[in-house]
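This report walks through selected strands, salt bridges and surface charges. Please keep the sequence and the 3D view open while reading.

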Amino acid sequence: MESIKINKLEIENVKRIKAVKIEPTANGLTIVGGNNNQGKTSVLDSIAWALGGDKFRPSQAQREGSMIPPTLHLVLSNGLVVERKGKNSSLKVTDPSGQKGGQQLLNEFVEQLALDLPKFMESSGKEKAQTLLKIIGVGDKLDVLDRKEKELYNSRLAIGQIADRKEKFAKEQPYYPEAPKELISPSELIRQQQEILARNGENQKKRDRALELHAERNRLAEKVNTLTEELERYQKQLIQVDQDMNIAYKSAEDLQDESTAELEASLANIEEINRKVRANMDKDKAEDDALDYRKQYQELTEQINETRKSKTDLLRSASLPLPELSVKDGELVYKGQQWDNMSGSDQLKVSTAIVRKLNPKCGFVLLDKLEQMDRQTLNEFGQWLEQEGLQAIATRVSTGEECSIIIEDGYVKGQEHEEAPAPQPKPTWKAGEF
């Protein structure tokens, strides 16, 4: 079904409007221009009231100074004729076959946001994003992925901070390459010292025995000199003692005492050595911990990237109103720019496209106060509207050539018009007639 637009509109006695007839361009931008307080915004308010219902009715709908009630007459591209007239400004909707309807029929194709687009444009970035996500049907799924990404990001941040601290601690620790890998045990050193001392004690006993044998030999030699009769016997003993003595001296000469100086030094310096060992162990552990946390950080980074890819895939698979329109970090993004950094033309494009997406049957939007837009922006927006087959009716404080019509003192400048006749002093009314 082709989207519905406004073909004609006639307005009388609404706010500042006296009598205005307009035939907006079907595709593109129709600019209602004029100076301030001439009735430009009254045109848009009239259209919104005619199509949107009583919630769009101006607080002072009837033109000040006029005794004639407001009259609204719109012809839509689908043939519907929408009228509001009479004392109560009652709504009448007539289709081409003559069948009548009401507001419910209009609500099928009139998007409320199209009648109040500034409300959308002035909303926060997150509200705009939520509107878009709601219409494309991925809001809930994206919320889940957003929460997951946030949790992963916070976890990664904490892991990264711990890894930084561990690395800093490891760098600050002294390192002693000459220190042993394990802590030194005092009892083990004492045991080794005692074994050496025991072996040295055995050596000393052998030295003492050699001295004793030497003394015995002297005694026996003296006895040989005095006891000739026992010479032979003692000579034999002497020979034997000499042999034993030679053996003993020979054994004693081969003995080497072991030094305990190294162990004694180790015992004296055990606390200092162990301090260095502990420092080395602390540094090694800090480096290992930092490496472990870096691995965790990398794993979380991969999970975050995977989550972001899921979000991107989700949005790419959704039917978005515009190419290059997306949601990032809860904000609308178009051509890589958030709302506050978009050009005025792009802001209008995004807003209009979202309205169309909300209700594809609605082919028009109303835009008030486009004077902040320069000519180039207006031209770009108008060309885009034509390309997309959309209609926009806008106001602008200007009397320049960019304006489709100029409102002056409640009339369209250049249109022929007649002043409304003064009302009869005593009008009469018939039931069912306006």
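Val-32 has Ile-405 as its bridge partner in S13. The model is predicted. Strand S3 covers residues 28-34, and strand S13 covers residues 405-408. The two run parallel and are joined by two bridges.

Val-32 also has a bridge partner in S12, namely Thr-395. Strand S12 spans residues 391-397. S3 and S12 pair over seven bridges, again in the parallel sense. How many residues of S3 are buried? Seven of its seven are, and the strand is described as mostly covered.

Strand S4 takes in residues 71-76. In a regular strand, side chains alternate between the two faces of the sheet. Which residues of S4 make up the covered face, and which the uncovered one? Leu-72, Leu-74 and Leu-76 form the covered face. Thr-71, His-73 and Val-75 form the uncovered face.

S4 pairs with strand S1, residues 6-12, through six bridges. The two strands run antiparallel. Ile-6 stands opposite Leu-76 here, and Leu-76 belongs to the covered face of S4.

S4 also pairs with strand S5, residues 81-85. Four bridges join them, and the direction is antiparallel. Leu-72 has Arg-84 as its bridge partner in S5. S4 and S5 form a hairpin, with four residues between the strands. Gly-79 sits in the turn and has a positive phi of about 95°.

## A three-strand open sheet

Strands S8, S9 and S10 make an open sheet in the order S8-S9-S10, with antiparallel pairing. Its edge strands are S8, residues 325-328, and S10, each pairing on one side only. Four bridges join S8 to S9. Lys-328 stands opposite Glu-331 in S9.

## Salt bridges across the chain

The count of salt bridges comes to 20. One of them joins the side chains of Arg-294 and Glu-167, at 3.0 Å from N to O. This pair links distant parts of the chain: Arg-294 lies in helix H10, and Glu-167 in helix H6, residues 139-172. The two are 127 residues apart. How accessible are the partners? Arg-294 is partly exposed at 27% relative accessibility. Glu-167 is partly exposed at 28%. Both residues also belong to a network of salt bridges that includes Asp-164.

Asp-346 forms a salt bridge with Lys-335, with the closest N and O atoms 3.9 Å apart. Asp-346 is in helix H11, residues 344-358, while Lys-335 is in the loop between strand S9 (331-334) and strand S10 (337-338). These residues are eleven apart, and the pair links distant parts of the chain. Is Asp-346 buried or exposed? Asp-346 is buried, because its relative accessible area is 13%, below the cut-off of 20%. Lys-335 is partly exposed at 40%.

The side chains of Lys-168 and Glu-172 meet in a salt bridge of 2.6 Å, N to O. Why are they about one helical turn apart? Lys-168 and Glu-172 are four residues apart in helix H6, so about one helical turn separates them. Both residues are exposed.

## Surface charge and a distant pair

Where does negative charge gather on the surface? Asp-284, Glu-287, Asp-288, Asp-292, Glu-299 and Glu-302 form a patch there. Asp-288 is placed in helix H10, residues 270-317. Asp-288 counts as exposed because its relative accessible area is 53%, over the 50% cut-off. Helix H10 also holds Arg-294, the salt-bridge partner of Glu-167.

Glu-178 lies in the loop between H6 and helix H7, residues 186-226. Glu-178 is exposed, with 54% relative accessibility. What separates Glu-178 from Arg-233? Along the chain, 55 residues do; between their C-alpha atoms, the separation is 66 Å.

Terms used. Residues are numbered from 1 along each chain as its sequence is written. This is a predicted model: local features need pLDDT of at least 70, side-chain atom pairs count only at pLDDT 80 or more; totals for chains, interfaces and linings use all residues. Side-chain values use heavy atoms; hydrogens and water are left out. Patches are made of residues with over 30% relative accessible area and no salt bridge: like charges are joined within 9 Å, nonpolar side chains (Val, Leu, Ile, Met, Phe, Trp, Tyr) within 5 Å. Accessible areas come from the Shrake-Rupley method with a 1.4 Å probe; for residues, only the protein chains shown count as cover. A salt bridge is a side-chain nitrogen of Lys or Arg within 4 Å of a carboxyl oxygen of Asp or Glu. Lys and Arg count as positive and Asp and Glu as negative; His and the chain ends are not counted. The place of a charge is taken as NZ of Lys, CZ of Arg, CG of Asp or CD of Glu. Buried means under 20% relative accessible area, exposed over 50%, partly exposed in between (1.4 Å probe, protein chains only). Two strands pair if DSSP finds at least two bridges between them.
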